[in-house]
Every structure is written in C-alpha cells, then in structure tokens.
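Here is a walk through one structure, from its overall division down to a single side chain. Keep the 3D view open as you read.

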Amino acid sequence: MFRQNSIAALLLATVWVSFAAAETLEYNRDVRPILTENCFACHGVDSASREADLRLDQREAALEYGAIAPGDSAESELIARIFTDDPDLLMPPRETKKQLTPKQKQLLKQWIDSGAEYEAHWGYIPPRSVVPPAVEHQSRVKNAIDSLVLSRLEKEGLAPAPEANPRTLFRRLHLDIIGLPPKPADVQKFVADYQARHDGALSEWIDRLMEMPAWGEHRARYWLDAARYADTHGLHFDNYREMWPYRDWVIRSFNANQPFDQFAVEQLAGDLLPNPDTDQLIATGFQRCNITTNEGGTIAEENLALYAADRVQTFGWVFLGLTTNCAQCHDHKFDPFSTKEYYSLAAFFRNTKSPALDGNVKGGKGPTLTVPSEVDRPRWNALPGEIAAAKQHQKQRAEHSEGDFQKWLANATPDSVGNIPSDGLAVQVPLDEGSGTEVRVDASTVSKVKFSGPVEWHDDGALGPAPVFRTGSTLNVGNYGDFEKNQAFSYGAWVKTTKQGGNVGATGAILARMDQDKDHRGWDLWHSGNVISVHLIDSWDKNAIKVSTAQNVIEPTKWQHFFVTYDGSAKAAGIKIYVDGQPTGMKVERDSLTNDATLHTDVPLFIGKRSKGQVFDSGMVQDVRIYDRQLAPEEVRSLAKSTVVGALLAKSLEERSKEETAVLQGYYLAEQDPQYQAIAKQLGQLEAEKKTIEGRSPITHIQKEKPNSQPVAHVLMRGAYDQLGEEVTAAIPASLHPFPADAPLNRMGLAQWVVDPSNPLTARVTVNRFWLEVFGQGIVSTPEDFGVSGALPSNQKLLDWLAIDFIDSGWDVKRFFKQIFMSATYRQAAATTPEKLEQDPDNGMLSRGPRFRMDGEVIRDSALSVSGLLSPRMYGPGTRPYQPGNIWEIMGLPGGDTRNYTQDQGEGLYRRTIYNFWKRMAPSPNMEAFNAPSREVCTVQRERTNTPLQALVTLNDPQFVEAARHLALHALETGKGDDGALTYITQRVLARRCTEDERSILLGSKEDYLRHYENSPADAKKLIEVGDSPTSERFDAPTLAAWTMVCSQVMNLDEALNK
Amino acid sequence: MNDHFTRRQFLASGKHLLGGAALAMLRGDSAYASTGGGLPLETHFLPRAKQVIYLHMVGGPSQMDLFDYKPGLVDYYDQDLPDSIRKGQRLTTMTSGQARFPIAPSKYQFKQAGKCGMWLNQEMLPWLAKKADDICWIRSLHTEAINHEPAIAAMQTGNQVAGRPCLGAWASYGLGAINENLPAFVVLVAIPSNREQEQAISSRLWSAGYLSGEHAGVSFRSQGDPILYINDPPGVPRELRRRSIDGINALNQINYHNLGDPRTHTRMQQYEMAFRMQASVPELTDLSSESDHTFEMYGGEAKKPGTFANSVLMARRLTERGVRFVQIYHNNWDHHSNVGGRLPDQCKDVDKPCYALLEDLEQRGMLDETLVIWGGEFGRTIYSQGQLSPTNYGRDHHPRCFSMWMAGGGAKGGTIYGETDDFSYNIVKDPVHIRDFHATILQLMGFDHERFTYRYQGLDQKLTGVVPAHVIPELIA
C-alpha cells in the first residue's frame, strides 16, 4: 500500500517530466492553464466580475492595456505584478488564496519574452489532419492509433506492454463489444484461429461479435446514461413514464450501425425531418428524457425554465463537450459564452409543446407517439388511410342514396321500423305533454301525476316537447318498479343534459326507486359527470352492486337513449348498459350484494331524483320505460331506434321539418340501406382494429415543435425564471463555427450545425466518449468539458486523427470501434510495472492494455451469462428483478404508481440489466452500489469507485448467489470430478484454466465449505434455495452448496469484476 | 507542498487508489483509523462540532404554531392579511388563486421556557422546553425556494437545483471517517406515525454530487437489512464468510502479483472492510444492550424500528461509534390543512425523543462535540389555506421566515436569535439566510466556508455558493 507522501512525490515527478519534455512553449499546453487557474476569473470573459477593466484572455486587450509587452517581459505589467514583493500590488491577490509557483512565474516570463503568442483554445480550432508519425516500435504498429500512441510513449521513454494472452484478449473483446464474457468453446476456437491467421482471424471475430444483437444492448447503455433515460418522471411522485420505445430505438440504432450524424440529427430534430417515420419521431425522445414534476403549487414558467436548462446542459455535454450551464446565471468564466448566448441556445429547445406538469401519468401530458409492435406496425400504418377511405366511401353513398331513400320513405309506416317491445312493459311515462304540470302514466291503467313544481317545456324533445327537471321540479311517479334482486327487469329513457360543457363535477339520479334514508336501498339510473352508472343496493356501500360505463358516454346537449337490463342474478355481470341501443363497455365498482340482500323499499319511483334529492339538475327526460323482464339486445336496439323514427313516420310529409327528414334519412342509411350498412360495418371494424392495436401498444414521449412560432427565449436574470431580461432569438454562440447558411433557425438547423464537418467539437467529443468506453478514460479526461477549464487532451494528435477519420468514414460507429479493437494498443497486456505506475499511473498514455472494474450492468449480466440464466429476450417494458424490500416504498408517496415494487417472476428476473425498470428516485440498489447514476441528469462518464458496499452486493445479493448456484450445477454436471468442475468454472468466468496455485487454493476452500455443509445440511439446504429458480435434486445439498460457494468466490475475484 | 494540494492531485489522478489512510483520531479509549477513502482535509479552525446529527422535518413545520410567538394575532382572527405585509410576494399556485388571505392565529398556548425565556408552544413541546437553555433558537431563517423539492435541495445542498453535494457529504469530505467499520455519513428515514401528506424524498438528497462517491450518505434502513446486502445469504455463517473472503483474497494476491494493479489491493481491503462492517452492524442495531433508563428517556416508541424515536436512538449509537454525520428525515410536516389534527401527531413523534437525544448525549459527555440541528425546508403562512376555524386551519409554504434550532457542538445554548414582524411574515431583525446558516455550521465543523472548496468545472465550488454568506457569531458559544 502506498503512503501519502510517496504519491505526492510521484505526482511531482509527473508534473516535472511534462515540463522538461516541452521543446518550445505552447500557449494552450503550457500557458493557458496557468492563466485559467489564476487570472481569468477576474480578467477573463465574464464582464460582471472583471477587475480593473483588464482582460488577459485576449491578446489585443492585454497588449493595449500594457499588461503584456511582447518580447519584453521587463516592460510587462503582468510580470511586474506577479514578481512584486508589495502585497498591495501582488497578483493574484492574496485574498484569492491563489499563488503562482516560481516555475509558473518563470514560464510566463519566458512566454512573454518569446513573443507572447496566443492560440485560440484548442477545442475551438477544427482538428488538423495528422500524418501518423514513424516510431521506434514500428513492428508494433497495426494502424494509425498505434503510431500516435507509441510516438507519445516513446517521447516519455516508455515501452508498450507485450500483447495480451489471446484468451485474455478474447475476453476483453467480448466484454467491450457485447458486454458479456465468452463461452469456453469460442475461446478455444478463437485461440486456435488467432494463432493460425492472426489479424485476419481477429477481424472476422470482431465482425461476428458486432453482428450480435447484444452489441446494441451494450453500446446503448452508455448512450442512455448520457440521454438520462429512465422509466419515471423523476420528481415528486416520480410516477411511471412510458418511454421505453426510445430505449429500444437506441439499441436498434446501434445494431443497424446507423451513422452517428443521422443518429444525432434524428434525436435533436427528428420531428422536423420531411415526413418523419416512427423511428425518427421516437428518436426525439432524447429531448423528453429530462426529469419533470407534477408537484402542486409549482409554477409553470419556472418548471419550463428548468426543463429547458436541463436540455441545454445535456445538449452541451453530449454533443459539444461544453459546460454551457455555467452561463445560465453569469457570463461563462472561461469559455466565450455570454448569458445572452446561453439563452439563445435555450431558445432552440423552448419552442416546443412539452408541458410544465407531467400529470403523474405515463404519457406525461406532452406529445407522445403510439408505437405498435413490429407485427402490428403494417396494419397500424395502413389503418388511417383505410379509415379515411371508408369514411369517404360512406359519405359518397349517403350523397347518392336520395333516390333509394325516397323509395323507402314512400312506403314506410311507423310499424315498418320494427316493433317497440310491449311485452312486460310495467310502466311508461311519455313526458311529451308540452304544457302544464300534469303528465300521463301508462301502466295497467292510465293515470295522471303532477310535477312537484312548475315545469319548463322545450320544443326540441326527442319525441315532441320535453320537460326540464330541476330542484323543485321533479316527478313522483308512484308505486312502480318495486323489484327484488332475484327479479329480472329493464329500464331506461331518452335523456338530454342541457348544461353546456357537460356535467363535469355534477351528479344526479335520472330515474330511481331508492330510499336515501335506508342506506340508499333500491335501484337507480345515475350519472356522475358524463358517466352513466347503475346501483342495486341493499345498504351502501358494503352490500351493493355498482357498475358504470367505462367511458364518458354522455354527450351534453344531445338526445341519447340510455337503457339498463338486469338478469336477476344479483351479480354485476348480470347488468348491461346500452347507449342508443348499443351495449357499452362497463366497469364494475361494487359487486358485493349478499344472499340475504333486498332491494325492496317503500319509497315511490321518482324521475329526476332519488327519495330525498340528488336531482338531475337541468336534465331532460322522455319516454321512461320499465319492463319486468330482461330485454334482449335487439329489443333494446329496436326500442332506441323505433321510438323516435316511428313517431316521425307517423307525421305527414308536410308536418315533417327538414331536420326531421334528415333524421329519417340517417335512420334509413343505418338500418335499411345494405350498401351503407356494409360500409359502416367495415368502418366499425377498422376503427375497432385501430383501438385494439392502440390498446396493446406502448406510447413514448416525443418532441414537437410549436407551429407558426419562432424559437425565442428570455434572458433570465441570474437564472431566475421570474426575472425576465431581454428576449433573444435562437442562435449558436458566436465564437463557435458559423451556422450553416441555408439551415433553418430551429432545432433542425441546430442539428445540422452540430454534425457539420466544420464543427470542431462534435466528432472529437463523440470519439472521446467511445474511447472512454473502451479504455476507461477519455483522451480528454473531462468528457463533458472540452472548454478552457476542461482537461487538455492527453494526446491531441490521436484525438484529432480519430475525429477526422470518424467523419471521413461517414460517422461509421462499428468501423470506429473495430479500428480500436484491431490496434496493437488495445491488444496490449494489462500488466503494469512500477515504472509505468509512476509515469503513467492512470494509463492515460496507454502504456498497457485497458483494465478497470466493469460497470454494474456488465457485472450482473456476466453473472447471469456464466450461470446460464440470462434471458436472450430483447426490448419491452422495464423488468423488475430481485430487489431488497422497501427500496421504492420508503421513497414513494401514497398513491404513487411506483411506490410498491412487485418483483417479476421467471424470465423477468434474468433479463439483461439494460431492461431494468429505472426508477429515478430509487434506481436498482445493486447497480447504484457500482456507481450507476440515477439518470436524473445527463452522465457522460460514470464515477468508478471501489467500496465495501460493492463486495456486499456480489457476495450477498440473491441475484448473484442464485447465479453462483447455477454455475455450480453446470460445473458438477460436467461429471469430471473436482478438477473438471474447477476448469469449467474458471473457463466460464475468467476465460482460462486455473493455475496450480489457484487450484490448490480453490480446492482448499471447497474442502472447508463441504465440511461445513456436511456437518450442517440445513445450512446447505438454505443456501441452495436462494432465488426463485427451483433447486436441483441431482446432487446432494452439501456438495451443491459447497460448489456454490466456490463459484461465488470465483465470481468475486478482482479478475472477474475487471475487464 | 501542503496536504490539500496533495489530496486534490491525488484524487484527480490516482482516483480511489487507496482504501484507507493514516488519520489517527483518538477518541476516548479507542483508536480509530479513517477508511473509505476518507482522507480528511486540514481544518481551518479547531472543530467544535466533530460530529453532527441533523433532524430534517420534511414538509416545513409551522413556525408560528411552535416557536414564533405572535400573541397579538388573536384579534386578527379571519381578517385579511394586510397588503403592506404581503407586498405582492409570490405564492404557490395552491393559494395564489385564493380570493382572500384570512389570518389564522395559532390555536396553541405559549409559555416561556428556561432562563432564556424562549416562548414556546408547551402544549405540543413540553419536553423540548426543558432543554430551552441548551438550545440555540433561530427564528429568522429564510430561503428563496417555495416548493418542497427545490427547498429541501437548497436546505441540504445550498442550491435549489438537484445534484450538488449535501451537508453530510461535505462533512465526510472535510472531516473524513472516524470508524473504519462504518460509513462516515449515514441517513435514516423515520416513518411518521401520521402519514396524511408526505413529501417525496430521494437518495439524491444524500448524494455526493460532484464530490467523490464515497462521501454519499449510506442509508440505514429500519426494515430488512440495515445496510443493503449486509447480511450473508441464508446458510452462510460468519466463519464460512471469513473462509470465502480469505479464499478470494488469496487468489487476488496472485493476480496482484501478476499484473501489479494497485486497485487489486484496494479491492482486497474493501472485502475485508465489508466483512468488518457485517460484524459491526448487528451489534450497532441490537438495542438489547440499552438500559431501561434509555427507553424511559426516549419513550417506548424507540423500541419500534423506523420510528423517529428509534431513529434518534440509532443516531446516538452511530455517533457513539464514530459516524461523522447522521441525517434523519421525518416526514408529514406539510400542513396545508388540518394543522389542528396533524401537529399533535408530529410533535408527539419528535418532542420527547429530541429531549432524550440532547439529555443522552449530555449524560455521555458527547454533546459538547456533537451538533444537533432541527428544522424544515421553509416555514408556513400566517394566513389560512382553505377552511379556517378557531381550532383548525391549513397553512401554505412560506419561504420568507422560519424557525430552526441547534444544540451542542459549539452552538450557543439559550440564544434566541432573530425576529419576525407581528404576522410572522417578514423578518424584522437579524435575518439568517440558509447560506449563512450553512456557513455557521461549517465554522462549527472547523471550516471557513469561503475556503472549504472543491474544484469542479474549473471553479472552486462551495456549499455556500456565489452570493456572499456570513457566519453568525452570535450563534456560536
């Protein structure tokens, strides 16, 4: 173990070497870091914090001010100020707690004496084409990457590491390409092939691996961190957000090797492409992955400002490697971005339809897209056209039906439209008198009853003039409708609600025989808002049935026929509700009528209220009918149609208004015209098909530009949403390369600007991130910050060569990675030496092969893979594998839909980790232990810590314990004794046989485990029952348990956890 | 070269190369060594608060019903809040649509407590009142945030936007760990007895932000394993776990020999630490060693896992064992309605246990060096949200003034700091912005908040942010 002071010495040595190796001073490499660290905060870009009106970041300004006299340090105020003994004059001022070292002072002096040449920040200068240099270790060069890496290594006096053992190389390739370890048989084949055909073999194996769908799963994972993809909204309730088609699109895109520039454009502006297809719209989900809230009391403008800030930050980090978000509150301290430019950039992302509140619903209340499965997609795409055509066809038939209609009308009589069921009609109340307060009741005898108050009659009834029901104007019909629960009966009426805008919030009884004083005993026809319900009640709400229409069926201001049939079964399933003669979808809200329940009450039948109140206020009702039997569906249908049509036909031609003739024509077409009926039937089928597909298809969040609106934003003073500054139009920062002349000033233009080959950043930032995935760190070690305060590239020529090559290849991602994998640099062994540990402690110079602790997902997937448990199923909604209790529960709010974690059963426990349901407030804890981010914000580089909590996961998490048991089982199944089993295990996990030393350690462990489990078979049984999968009876419990422990031991090795 | 520089360079280059370092901090009769990468910084002053227990009341307790006594308001019952007081302040959209803002005087009786004469709602807080002279009362906190998510983030991290390191992470970063077998920063989420209107809290509140991940809070759970995955699988007794770790590390040693990667050594140490942590946690969470006297003090609820009383007792045990910073969250203080129905439950949860914690720490001689902080993320409005009656009312969020208290760890007991106007609406004397409060806490921990920084994105980031913050000397003993 190192001591602190030796580390310090080691670091000093590194610093010293880099200066000593400098042939000539370079501003970007040698001078700018000193100025950035010590001077620019007060003498830089930010005008608000600028002192003494001096800028040192621009040569002209510094010269004019007299701070710098090129070639003459003695005349330069800057030099005088940094060397002075006078504490009042000394720079940097003491209160900044910054201090220049003598070496730094000397260096600044030297720089001014040699002419004080500035350079633009390296990141803003387009990459220059690089000719790979000749190197000493020419024999080690496989491609340009090697020349550029070796050239650097040789300069530092370091030699590359020898090539890795082919097995190790093959394991590394697997983990880098598909994120899974190789199968032993493939290892053997590869080793033989590689020894025989070398590069040719390697190339083919790489291609083969890249063709596997697991390639896309592995690559997508990194992108999803950057895109901050997750399955919940992120804030407050943190409810489910349906977004996974975007995740699947990213996987498919990598598998299809979509060129990166297209990949970028579709995510930034897919909706603005000409006729975007489904995939291009799904891609825009990149911009909808930001966290959102539905917290009551939050302010829309503030939320929108925060969402825009997140989109700008993500955009800046992912595509430009720029920390633009600093400029949200103040001009950037180091990079040439003003606050105004920040908001101009934000403007690109604010001209959209994304809402301020997500509604705690899966669709987030913003633009979404229904995404049918591959199977459904052809029909889904065809249906809108077919439906439109059918409607057109229907319209044409209606227009050409006049002759046939007249022919029918000439002979039609009230009887010819079908029979109105009269059998079992217990009571009928027509409600068509048109004046007065007395109305007729037809039952076994005809009687008259009186409204409770004055009645308002309207002429536009369904059947003649109709009364309006109000509080104080309802109807006590008398002792009718006294049914028991085991009697079948049917009832309903023509109904119209007159309230404009519907009945939202209102409730009332249309028809009821119900005693409110006796726990609401009885039955009714009820409306709640625009939903129709039926109650059959003994005592509410313990002993009752309630069914409601699944949809808002009431169409306000329209006459509709609502009818209920009941079969006397005392079950909710025995009730049907019809709307205009058609049965409608229902939901059961109560179904608890007991055997001894009764519906009998002494209160009379009311129209427009229950016994005491709950009035159907402002509603109109006509033709109330109660039957003492269950009407058949065709009878209800006939009733709905015939009552109105029959009445119209009874009128003479002269009496009929134009509207009434239109009603008759509508009836004719729907009921009597075979051509029209055929079309209507077809249309109904098409619409039902569309609904069915919609019902089984996921939705995904997409981005949509506001039409007819220019992208603008307000500068927010100090970033505060309620302090609006000037309005700015969309623009890119002026110091970066120009906006393409012909590009539109919207996200599409922005996307084109991003992938413009003259953009100095996008390609570099992208290849750097890819490089990071393979080597564990970027050539620029701050992948989100290529700006002035970011790290300098450890090998800029390499970075530039890769960037140019990437663009020249047409942004070919597979080719890019393959080039890395083919390089000798990648093929190096990971072994290090004390010398390299000193000079290249982080392997930034690539003096050896990449070796680092893998991401949690790869560790879990590998465990599943070696145990044979891994499911190959791809795509779909998030899975819920093993998770300790109370992870979600403790975070979630009551009523939240991600408050209770219901673990999957079977396959869902063993899918690849990329499919884990990602709840932002409580991500999978075993992944979090390995630095998986919460995905609340963009992450372009995960932290990589090594902590005891990780050891606890891989030792104790049932996911890993169960995997160890299955690996043990397979090892024992080889039937080749202890050595055979050991070989199987290490080949599977480490892609190699164990050495003699390792063998004796492992067998020693095994003997101890076995001794314990033979003495304590109960322990053995407990261990092999961890996990949902059934345990095997093939081997005795102590043996299987002991080998489970051996497998766990191997799976916990540093070598197993590292690439 | 000073240690600070070394540490920074070390973290920037050889990230987490080391599992532990040689901080020896003596405490009583046992010697502790720091671990988990918890290399401490050099403090700027002698730390007064070597350990911290922070009790966050999620939702925002009602200051005028507990600490901010406004006797004159009885006469203003159901009268509109004068415009001269509200001054067009922004309201949450929950009450901004309200037609009027009727004043709801507190229904509770206040009495003076202690020699300091702090006016307290002793109906609700009879036990806390006994500690009035040990407590440093602040009635003039203020913040900008007006909704929970950003307000809790601001209170915990100094910034409304999520993702910055919280106070506990800063403490871990600055002071390091004391006990190598336990995390430096532990979080306990207490379950309130009344769960009428809880607010979302998430692990982002105890994240390390841009600091290294090792400084993130480790959540101790009241149900299941106290630390996730701490328990060995069924059928693996301790001695077998010992055997397996020996086996793992023997193999890792061979690997280290072959490849020379120092991180392999780190991993070996982490497996050892995991083993020790497994051994120490059951002892930690086993309350059977606590005396009857303890449970008399904390109340019977302390025996029930997950209660606030149980959590503060755990906090005492964690602190005793060298955990640097214990954060407890207690929910359901968001009283938009039914203050009368809910405040008693809340106070019953916290009153006696808070008293017991202070008393217990004092009895064990730990209070001098342990800072206890109590408070929410903002205050509540004097005007009623929704229905107002003399005995019940609701209160909306109010960022302009709220009350908190501290005790021990160098906080000046018996201080009553800050005043609000007659409506507990605006601060009229000695305002304490939360960044001033943070600066003061850091001072107690031994750090000058201006110099206690971490370099990120080219800037020296600090808890107190860019707007000048001030240590409040009156709060320090």
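Domain bounds here come from an automatic or database domain assignment. On that basis, chain A of this predicted model is divided into four parts. Domain 1 covers 25-119 and domain 3 covers 422-630. Domain 2 is written in two pieces, 377-401 and 674-697. Domain 4 also comes in two pieces, 854-929 and 946-1059. Take the C-alpha centres of domain 1 and domain 4 of chain A: they are 58 Å apart.

How far should the coordinates be trusted? The model scores ipTM 0.77 and pTM 0.78. Chain B has an average pLDDT of 87, and 92% of its residues score at least 70. One stretch needs care. Over residues 1-38 of chain B, pLDDT stays under 50. The model still has 85 contacts beyond four places in sequence for that stretch. Where pLDDT is low, predicted coordinates should not be read in detail.

Now turn to the contact between the chains. Chain A contributes 78 residues and chain B contributes 75. Which helix gives the most? H33(A) does, with seven residues. By class, the side of chain A that touches chain B has 36 nonpolar, 24 polar and 18 charged residues.

Next, a pair of helices within chain A. Two packed helices are described by the angle between their axes and the distance between the axes. H9 (residues 184-197) and H10 (residues 199-211) of chain A have axes that come within 6 Å and cross at roughly 140°. That angle makes H9(A) oblique to H10(A). From H9(A), the contact uses Phe190(A), Asp193(A), Tyr194(A), Ala196(A) and Arg197(A). H10(A) answers with Gly200(A), Ala201(A), Leu202(A) and Trp205(A). By class, this contact has six nonpolar, one polar and two charged residues.

Finally, zoom in on one residue. Phe254(A) sits in helix H12 (residues 244-255) of chain A. Is Phe254(A) buried or exposed? The cut-off for buried is 20 or more other C-beta atoms within 10 Å. Phe254(A) has 23, so it is buried. Leaving out residues up to four places away in sequence, Phe254(A) touches Trp215(A), Gly216(A), Arg219(A), Ala220(A) and Val813(A). Gly216(A) lies 38 residues away along the chain, yet its C-alpha atom is 4.8 Å from that of Phe254(A).

Definitions and conventions: Residues are numbered from 1 along each chain as its sequence is written. Chains are lettered from A and ligands numbered from 1 in the order in which they are written. This is a predicted model: local features need pLDDT of at least 70, side-chain atom pairs count only at pLDDT 80 or more; totals for chains, interfaces and linings use all residues. Axes are lines fitted to C-alpha atoms, for helices over the stretch in contact, and angles run from 0 to 180 degrees between N-to-C directions. Helices (H or I, at least four residues) and strands (E, at least two) are DSSP runs, numbered from the N terminus. Angles under 35 degrees count as roughly parallel, over 145 as roughly antiparallel, 65 to 115 as roughly perpendicular and the rest as oblique. Two residues are in contact if their C-beta atoms, placed from the backbone, lie within 7 Å. Ala, Val, Leu, Ile, Met, Phe, Trp, Tyr, Cys and Pro count as nonpolar, Asp, Glu, Lys and Arg as charged, and the others, Gly among them, as polar. pLDDT is the predictor's confidence in each residue, from 0 to 100. A residue is buried if 20 or more other C-beta atoms lie within 10 Å of its own, exposed if 12 or fewer, and partly exposed in between; C-beta atoms are placed from the backbone.
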